[in-house]
Amino acid sequence: MKKSRLKLFKTTSLTISLLGIILILLTVGVIGYVAVAGLTDSVSSTVNSGSAYDQLDQVKAQYNDINKKYTDLDKKLGTSPDPSVKTTFNTGKVILNEVGESLSSIQNDISNGKSESDIQTKLNQTKSKIGEANDIYNQIAK
């Protein structure tokens with residue numbers, strides 16, 4: 001009777017030890033998976049925001065170019081230009097101000113991790129407004 005209890009105790013101890021090792025391995029596996037998944041998401045979002053920053057820089061360069069053109073045109077027009085030209089010029093300046101605010105908004109959205117589709121939509125709208133301002137400039141500069 002004693003040998004069977006000893007054998008039973010030995011079998012039970014071995015089983016519990018194996019279960020403990022399996023649970024430890026599973027725990028390490030789950031923690032490793034979560035860590036790798038988090039790192040992958042972090043790298044992925046960094047890459048996405050990097051491309052958004054690149055696009056934003058391109059739009060900012062376009063904005064700076066057209067803004068410089070407007071500054072030069074303002075100097076050329078002087079203090080008393082034709083009223084219709086001044087009205088058209090002011091319309092272009094208002095559009096440029098909207099573009100400047102939109103660029104700041106996009107910068108904040110990228111920093112705050114907004115979705116790529118929202119950022120892309122705002123970038124496209126901003127590019128369109130820069131095109132409008134450029135068209136107005138071309139009308140005046142003729």
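Which residues touch the most other members of the largest nonpolar core? In this predicted model, they are Ile-66 and Tyr-70, in a core of 21 residues.

## Overall architecture

The protein chain contains three helices and zero strands, and from the N terminus on its elements follow the order α-α-α. Its radius of gyration is 32 Å, whereas the globule rule gives 14 Å for 142 residues; the chain is therefore more spread out than a compact globule. The extent of the C-alpha trace along its principal axes is about 115 × 20 × 15 Å.

Of the 142 residues in the protein chain, 18% are buried. The accessible surface of the chain amounts to about 10,100 Å², and carbon and sulfur atoms account for 60% of that area. Among contacts between residues at least 6 apart in sequence, 77% join residues at least 24 apart.

In soluble globular proteins, nonpolar side chains tend to be buried together. In this model, the largest nonpolar core has 21 residues, and Ile-66 and Tyr-70 touch the most other members. The elements that contribute two or more residues to this core are H1, helix H2 (83–111) and helix H3 (116–141).

The contacts of Ile-66 can be listed by name. Leaving aside residues up to four places away in sequence, Ile-66 touches Leu-96, Ile-130, Ala-133, Asn-134 and Tyr-137.

## Salt bridges

Side chains of opposite charge can pair when their charged atoms come close. Four salt bridges are found in a search of the whole structure. One of them joins Lys-86 to Asp-74, with 3.8 Å between the closest N and O atoms. Because Lys-86 lies in helix H2 and Asp-74 in helix H1, this pair ties together parts that are twelve residues apart in sequence. Lys-86 is partly exposed, at 27% relative accessible area, and Asp-74 is also partly exposed, at 35% relative accessibility.

In the pair formed by Lys-129 and Glu-98, the closest N and O atoms are 2.8 Å apart. Lys-129 has a relative accessible area of 30% and is partly exposed; Glu-98, at 34% relative accessibility, counts as partly exposed.

The side chains of Asp-109 and Lys-122 meet in another salt bridge, with an N to O distance of 2.6 Å. Asp-109 counts as buried because its relative accessibility is 9%, which is under the 20% limit. Lys-122, with a relative accessible area of 27%, is partly exposed.

Is Leu-14 buried or exposed? Leu-14 counts as exposed because its relative accessibility is 54%, and the limit for that class is over 50%.

How values were computed
Residues are numbered from 1 along each chain as its sequence is written. This is a predicted model: local features need pLDDT of at least 70, side-chain atom pairs count only at pLDDT 80 or more; totals for chains, interfaces and linings use all residues. Side-chain values use heavy atoms; hydrogens and water are left out. Buried means under 20% relative accessible area, exposed over 50%, partly exposed in between (1.4 Å probe, protein chains only). Helices (H or I, at least four residues) and strands (E, at least two) are DSSP runs, numbered from the N terminus. The radius of gyration is taken over C-alpha atoms; the globule rule is 2.2 Å times the number of residues to the power 0.38. Contact means heavy atoms within 4.5 Å. Accessible areas come from the Shrake-Rupley method with a 1.4 Å probe; for residues, only the protein chains shown count as cover. A nonpolar core is a set of buried Ala, Val, Leu, Ile, Met, Phe, Trp, Tyr and Cys residues joined through side-chain atoms within 4.5 Å.
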